[in-house]
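Here are a few notes to read alongside the model. Have a look at it first, then go through the points in order.

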Amino acid sequence: MDVARTERPGHGVALAAQAARDGARCVIAVGGDGTVHEVANGLLSAGSEACLGVVPIGSGNDFAKLVGVYRHDPARAVARLVTAVTRRFDAGRVLDEWFVNSMGFGFGPAVVRTRNAMPGLRGFLSYLVPVLRTFATFRPPLLDVRAGGFAERGVMMMVEVCNGTTAGGSYRFAPDADPADGKLDVCLIRRVSLPRFLLAIPRVIRGTHAGMREVAMVRTAQVTIRSPDGPLLLHLDGELREPGVNECTVKVDRGKLNVLVAQ
């Protein structure tokens with residue numbers, strides 16, 4: 001077994017790609033969703049059939065929920081990986097980068113930016129406190145969202161495009177999502193008042209927000225987002241991106257990634 005430590009942002013992409021080129025059959029990401037994101041991109045960019053495994057030691061660990069190792073300490077997670085089965089997961093793709101759990105526009109990446117400036121927070125507070133702080137200054141953008149038979153233009157709180165069920169640690173934006181169904185589950189939340197926002201938080205945590213009048217849920221293989229008033233700000237698996245474009249199309253690559261799923 002070879003062990004390599006990431007030394008800088010993006011290093012996990014290079015390490016995973018090199019491991020794949022060296023013939024690795026499994027590459028295990030030890031870290032949070034950001035580490036998983038980099039390792040997955042390394043394997044996918046190398047066109048590798050190697051399996052992605054996860055030992056979760058991050059804060060949110062959203063991807064770990066999909067593969068049966070969430071809330072397991074490292075020793076227990078490794079033990080479960082030994083008997084895991086291989087499953088082919090879909091991968092989302094946007095602006096020449098893949099994501100494996102979720103990506104989003106609007107409030108989501110704004111929260112990521114706030115959280116990045118508050119490194120001292122840990123656990124659930126590292127997600128709740130930035131959410132409340134971001135809301136105080138956030139200005140919902142005008143967005144144009146088009147997906148199959150769905151089209152809407154308006155001021156939107158956020159658009160979260162999900163391959164997995166949760167994002168941001170505890171928020172179940174897409175409770176019915178399946179990471180292997182060839183579809184992305186899009187959760188669109190229109191502009192909301194502070195009272196409605198505070199009401200929505202526990203409902204999103206429970207995954208019961210779909211019935212709210214401000215929410216639209218769309219299942220699709222492709223969605224295009226356009227921002228008429230300025231460049232898009234987005235996150236990919238919780239990693240902030242500022243690509244300097246006003247429009248992008250998010251697609252799903254079905255069965256793109258081999259993943260170890262604990263039984």
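1. In which strand is Ile28 found? Ile28 sits in strand S1, residues 26-31; strands (E, at least two residues) and helices (H or I, at least four) are DSSP runs, numbered from the N terminus. Before going on: this is a predicted model, where local features need pLDDT of at least 70, side-chain atom pairs count only at pLDDT 80 or more, and totals for chains, interfaces and linings use all residues. Residues are numbered from 1 along each chain as its sequence is written, and side-chain values use heavy atoms, with hydrogens and water left out.

2. Ile28 counts as partly exposed because its relative accessibility is 37% (buried is under 20% relative accessible area, exposed over 50%, partly exposed in between, with a 1.4 Å probe and protein chains only).

3. On to helix H2, residues 33-45. Its 13 residues reach 18 Å from first C-alpha to last, close to the 18 Å expected at 1.5 Å a residue (the expected span being 1.5 Å times one less than the number of residues). H2 is largely enclosed by the rest of the structure, because 10 of its 13 residues are buried; among them are Asp33, His37 and Leu44. After H2 comes Gly47, with a positive phi near 65°.

4. Most residues other than glycine have a negative phi. Asn61 has a positive one, about 55°, and lies in the loop between strand S2 (51-56) and helix H3 (62-66). Asn61 is buried, at 9% relative accessible area.

5. Asp237 also has a positive phi, near 50°. Its loop runs between strands S11 (234-236) and S12 (239-241), and Asp237 is buried at 8%.
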